[in-house]
Amino acid sequence: MNIQYTVSCMFGNPKVFISIVVKKPIRVSISGEVERPGLYLFEETSSNSNIKKIPTFVDLIHKSGGFTKNANLFNIELFRRISDQNNNFNTKKTSINIRKLLIEGNQTHNPYLMNGDIFKVKYLKNNTEFNLDIVKSNLSQPFIKVNIVGEVVNPGEFEISPNTPLIQAIYLAGGPTRFKS
């Protein structure tokens, strides 16, 4: 954090003015079932009306590429360091439930990011029912890459919407070769 200060003294009455020029960035990490797990850096931003935008968990999900298809969206762990009255640091653990955020609008499941936060998105097998709702939300990528191989006119890698039916993907690759004229 860069701090700017000015000292003025008039007739033995010193006055000190301190202002923060640049705030320290927020560093958080996310592991597990996201497209790009890792360490991410966020800085507070200001809008035209000088309202500070503090990054949230949803901002982290966007930056990390969204959830994988096997993400446990009902129990994402957040580990946060919190100091007590004696300035000793303790790690507190809490759970984030994306369903409560998306379906019920419960914003307590979209916490503000704090420096040092660690998020763990666990693996959950057969997590298809609610994941279909996530695919339709803005928490997933707008396109996925698929490889279409076999008896199609143009096999290869294609970018398609997450809800694209299989037959539409086949026709994107030129359709089956046996129908070729």
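Ile26 lies in strand 3. Keep in mind that this is a predicted model.

**Exercise 1.** Find how many cavities of 30 Å³ or more the structure holds, and describe the lining of the largest cavity.

*Solution.* 
- Step 1: Searching the whole structure turns up one cavity of 30 Å³ or more.
- Step 2: The space in the largest cavity comes to about 40 Å³.
- Step 3: Its lining is made of Lys23, Lys24, Pro25 and Ile26, together with Phe42, Glu43 and Glu44.
- Step 4: Sort these residues by type: three are nonpolar, four are charged and none is polar.

**Exercise 2.** Turn to the second largest pocket and work out its volume and which residues lie nearest its centre.

*Solution.* 
- Step 1: The volume of the second largest pocket is about 230 Å³.
- Step 2: Ten residues line this pocket, and Lys23, Lys24, Ile26, Met114 and Asn115 lie nearest its centre.
- Step 3: By type, the lining has six nonpolar residues, one polar and three charged.
- Step 4: Check Ile26 against both lists: this residue lines the largest cavity and also the second largest pocket.

**Exercise 3.** Identify which charged residues lie over the faces of Phe42 and Phe89.

*Solution.* 
- Step 1: Over the face of Phe42 you will find Lys63, at 4.4 Å from the ring centre.
- Step 2: Over the face of Phe89 sits Arg81, at 4.2 Å from the ring centre.

**Exercise 4.** Trace what builds the largest nonpolar core.

*Solution.* 
- Step 1: This core has 21 residues, and Ile30, Phe57, Leu60, Phe67, Ile98 and Phe119 have the most contacts inside it.
- Step 2: At least two core residues come from each of strand 3 (26-32), strand 4 (38-42), helix 1 (57-63), strand 7 (76-83), helix 2 (98-102) and strand 9 (118-121).
- Step 3: The top contributor is helix 1, with four residues.
- Step 4: There is also a second, separate core of six residues, including Ile148, Ile160, Ala169 and Ala173.

Technical notes:
Residues numbered from 1 in each chain as written. Predicted model: local features only at pLDDT ≥ 70, side-chain atom pairs only at ≥ 80, totals over all residues. Heavy atoms only, no water. 1 Å grid on protein atoms, 1.4 Å probe; cavity = no way out; pocket = protein on both sides within 12 Å on 5 of 7 lines; lining within 4 Å. Points joined across faces, edges and corners; volume = space filled by probe spheres on them. Nonpolar A, V, L, I, M, F, W, Y, C, P; charged D, E, K, R; others polar. Lys NZ or Arg CZ within 6 Å of the ring centre and 35° of its normal. Core = buried A, V, L, I, M, F, W, Y, C linked by side-chain atoms within 4.5 Å. Buried < 20%, exposed > 50% of the residue type's maximum accessible area, 1.4 Å probe, protein only.
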